[in-house]
Amino acid sequence: MSLRVGIVGLPNAGKTTLFNLLTRGHAEVASYPFCTIEPNPGVVEVPDERLAVLSELLIPPRVVPATIEFVDVAGLVKGASHGEGLGNQFLSVIRGVDVVLEVIRFFGDERIPHVMENVDPLRDQEIIDLELALSDLEIAERRWEKVKELARKVKDEKIHLEEEVLAKCLSFLRQGSPLREMTLSEEEKEILKPSQFITLKPLFYVANLDEQDASKALFQRVKATLAEKGATILPVFVKLEEELQDFPPEERKAFLQEFGVEDTGLKLVAQTAYRLLNLITFYTFGDKELRARELLRGSKAPEAAGKVHSDMERGFIKAEVINFAELVTIGSFEKARQLGHIRQEGKEYEIQDGDIVYFRFSSH
Ligand SMILES: Nc1nc2c(ncn2[C@@H]2O[C@H](COP(=O)(O)OP(=O)(O)O)[C@@H](O)[C@H]2O)c(=O)[nH]1
Ligand SMILES: [Mg+2]
């Protein structure tokens, strides 16, 4: 299963153009607020320079990158949580994603109408964030009514706890605050999981910039304001980068560097999603393939084995491990083995970012 990123934002913020850029797909782009009716799934490879180095070093029969899926959720407008625009139908799509990407329009271009008339990133950000909170409020209210009813009928500690935590959520959401700002215990988080609150998911912003200086200055100001709230905003010249897709990578890079862009939008977005979800990358290497996989930071070796196959987790014996940097220094897997640099790690070993792992397990 790929990591899923849901793209939200006001109409004409550039969501579909960004989706195309990220997936190199051909979703229909139009200067029309509610054009994208079907959620538009797009799975792409996670950019990974280490994987390219490893595949040269290990010469595996097959290389399988980690993947990331983007979902173009389409036009949210003020009032969407009450069914304005295409409203709640879209909000239900984002409930299934792991992380929310909010596109904010910084580009001018008066040929493309702005639903709120003028460019004002912080206002747009507040509108969208409020809609997301209001949508959660609706879900929380409904669930709370149900749970309150249940709590009266059955004596169940879990139900009571859910009633309590939902009451806290309600007062939060009524102020328009996202649930991720609430302090919640692990148990409370677990209890809230089935409700799939959008504002509990990590969220970051993408500034859709144009080449004007005004857009860059505005970006610096907005970035500083959002940073005070601990939020991340990535600078992406969405349309420019999309138009550069057909150029050779070197030329594209040189061109973007002139605007101070060091990495592609996809790379920035993927890195940010991994960071916010607290994910690392490890590699499995066997007779058949070399494969990059994402893993929650802090996971132990058997859990990582479970990512390959549940049998491997159940019958876990040990993990043979070498880290990327060490393998590259030594230069070959065989040599690393001869020199005794392939470590034998047990159940308690915490997989590190960049580990290359071979699991030993018994199948009965
Ligand atoms: N000038 C300019 N136009 C853009 C930019 N990004 C998107 N657009 C245009 O804005 C219109 C709406 O973009 P679209 O991606 O469909 O927006 P969505 O409604 O958020 O999905 C299209 O005509 C795009 O070509 C940009 O950075 N600069
Ligand atoms: Mg669109």
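In the predicted model, a polar side-chain atom of Asn-208 lies 3.0 Å from an oxygen atom of ligand 1, a polar contact in the sense of a pair of N or O atoms within 3.5 Å. Within protein, such a contact also requires that one atom be able to donate a hydrogen and the other to accept it, and residues adjacent in sequence count only if both atoms are side-chain atoms. Thr-17 likewise places a polar side-chain atom 2.5 Å from an oxygen atom of ligand 1, while Asn-12 contributes a backbone N or O atom at 2.8 Å from a ligand oxygen. Taken alone, ligand 1 exposes 580 Å², of which the protein buries 89%; accessible areas were computed by the Shrake-Rupley method with a 1.4 Å probe, and for residues only the protein chains shown count as cover.

The model is predicted, so local features need pLDDT of at least 70 and side-chain atom pairs count only at pLDDT 80 or more, whereas totals for chains, interfaces and linings use all residues. Residues are numbered from 1 along each chain as its sequence is written, chains are lettered from A and ligands numbered from 1 in the order in which they are written, and side-chain values use heavy atoms, with hydrogens and water left out.

The shell around ligand 1 comprises 16 residues, the closest being Asn-12, Lys-15, Thr-16, Thr-17 and Asp-109; a residue is near a molecule or strand if one of its heavy atoms lies within 4 Å of it. By class, 8 of the shell residues are nonpolar, 5 polar and 3 charged, where Ala, Val, Leu, Ile, Met, Phe, Trp, Tyr, Cys and Pro count as nonpolar, Asp, Glu, Lys and Arg as charged, and the others, Gly among them, as polar. Helix α1 (residues 15-23) supplies the largest share of this shell, with 3 residues. Helices (H or I, at least four residues) and strands (E, at least two) are DSSP runs numbered from the N terminus.

The chain is divided into domain 1 (3-39 + 74-275) and domain 2 (281-361), with bounds from an automatic or database domain assignment. The C-alpha centres of the two domains lie 35 Å apart.

Strand β1 (residues 3-9) runs parallel to β4, joined to it by 5 bridges; two strands pair if DSSP finds at least two bridges between them. β1 also pairs with strand β5 (residues 99-105) in the parallel sense over 5 bridges. Ile-7 stands opposite Asp-72 in β4 and opposite Leu-101 in β5, and the bridge partner of Gly-6 in β4 is Val-71. In β1, 6 of the 7 residues are buried, so the strand is largely enclosed by the rest of the structure. Strand β4 (residues 67-72) is mostly covered, with 5 of its 6 residues buried. Buried denotes under 20% relative accessible area, exposed over 50%, and partly exposed the range in between (1.4 Å probe, protein chains only).

An open sheet of mixed pairing is formed by 6 strands in the order β3-β9-β8-β12-β10-β11. β3 (63-64) and β11 (343-345) stand at its edges with a single partner strand each, so one side of each is left without a neighbour in the sheet. β3 is joined in parallel to strand β9 (residues 290-296) by 2 bridges, and Val-64 has Arg-291 as its bridge partner in β9.

Gln-175 lies in the loop between α5 (157-174) and α6 (186-192) and, at 63% relative accessibility, counts as exposed. The side chain of Gln-175 reaches the backbone oxygen of Ser-171 at 3.3 Å.
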